[in-house]
Structure formats: structure tokens, C-alpha cells
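Please read them beside the coordinates.

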Amino acid sequence: MTRDKIRAHSEEGMKKSLQALQDEFKTLRGSRASQALFEKIRVDYYGQKVPINQVATISIPEARQVIIQPWDRSVLGEIEKAIQKSELSVNPNNDGKVIRINIPPLTEDRRKELVKFTKNMAETTRVAIRNHRRDANEEIKKAQKASELSEDEAKKATDEIQKLTDRNIEEVNKLLEAKDKEILEV
């Protein structure tokens, strides 16, 4: 395997790990309302479990309020049930046309719990990134033993992989810092 292929494969794996972290962070509730909070909630719609955003419009008119307006009013009750069963701990108000959800401020204990959770998620992602580095370094050693890479090329490849790892871990740290700031915001 060539140096470029090894680097590209490792970079792709690291990007996927970083994207997974970003997706998880979107679904964590901060002190503000967000459409991403509802991405994982599925509604029973004509025998199918579908995401809320495929059966309704989700809008955020205020920082702590969400309005969900279904395209088909018959699904209003199902949306309400799905939200009540979710882990969001919010109480939807159904007025027959739309569902209004007021997002209460997080308690101090819940904020600390969420910050601890985000730190664990970030560490898991760092470990995944380091595992991609380890795998890439093993591929480099195999290629060097098979005489596909010279000693100098192997050294350069190892250095490139380390720089890539450092860059991605720095990105994880930035994401974590931003999410923690959002959670701790009052």
C-alpha cells in the first residue's frame, strides 16, 4: 500500500469519527432550543417509524420554544406521544393544530452531568482517532517490510499520520469546548 493510500484511508476514518461526535453533540440538549434535539425521535406514521422532520415542520420562534407543525393533522397525537416517550424530558402542548414545547432551563446538576457525558464522548472519539493512527502505522510498517516503502518514506508517512492525528484531536477539543460552553450557558 502506498503512503498516500494509507494516509487517505486513515484520514477518512478519522473524519468519520469526528462527524459521529458532531452528530451526537447536536442531539444533546443545551440551554437553547434546537431542531437537532428532535432528529432521533421517530413517529409512528401509517405503520412506519419515521423521523419527525419527515412529517412536520420544526421551527424555533424563541430561544426556549419549539413549534412542531405536522403536514397531516392526524399524526399530531403520534408526534406528541413520541416526544413524551423521548429522553428530552419536555412536556409538549397540543392545541389541535401545532405542538408547542417550552424548553425549561437545565438544572445545575443536569448541566454537570451533561458536561461529564460530553467529556466521555470526546474521549471515546479521541481513542477512535488514535486507533486509526495505530492502524495506519501498522500498515506503514507492513509496507516497509514488503519493500513497498523506503525507510525515509515510512518516516514521512508516520509523521504525516501523527500530524493528522494531532489536527483531529485538536478539532475534538474545540467541539467539546463549544458544546460545554453551550450547556453551561444560562
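1. Conventions. Angles under 35 degrees count as roughly parallel, over 145 as roughly antiparallel, 65 to 115 as roughly perpendicular and the rest as oblique. Axes are lines fitted to C-alpha atoms, for helices over the stretch in contact, and angles run from 0 to 180 degrees between N-to-C directions. Helices (H or I, at least four residues) and strands (E, at least two) are DSSP runs, numbered from the N terminus.

2. Provenance. The model is predicted: local features need pLDDT of at least 70, side-chain atom pairs count only at pLDDT 80 or more, and totals for chains, interfaces and linings use all residues. Residues are numbered from 1 along each chain as its sequence is written, and side-chain values use heavy atoms, without hydrogens and water.

3. H1 and H4. The axes of helix H1 (residues 3-27) and helix H4 (residues 151-184) come within 10 Å and cross at roughly 10°. H1 and H4 are therefore roughly parallel to each other.

4. H3 and H4. Helix H3 (residues 108-145) also has an axis that comes within 10 Å of that of H4, with a crossing angle of roughly 170°. That makes H3 roughly antiparallel to H4.

5. Strands E1 (residues 42-45) and E2 (residues 48-51) pair in the antiparallel sense over four bridges; pairing requires at least two DSSP bridges. Val 43 stands opposite Val 50 in E2. Two residues lie between the strands, and Tyr 46 takes a positive phi near 55°.

6. Overall. The chain has four helices and six strands. Its C-alpha trace spans about 70 × 40 × 25 Å along the principal axes.
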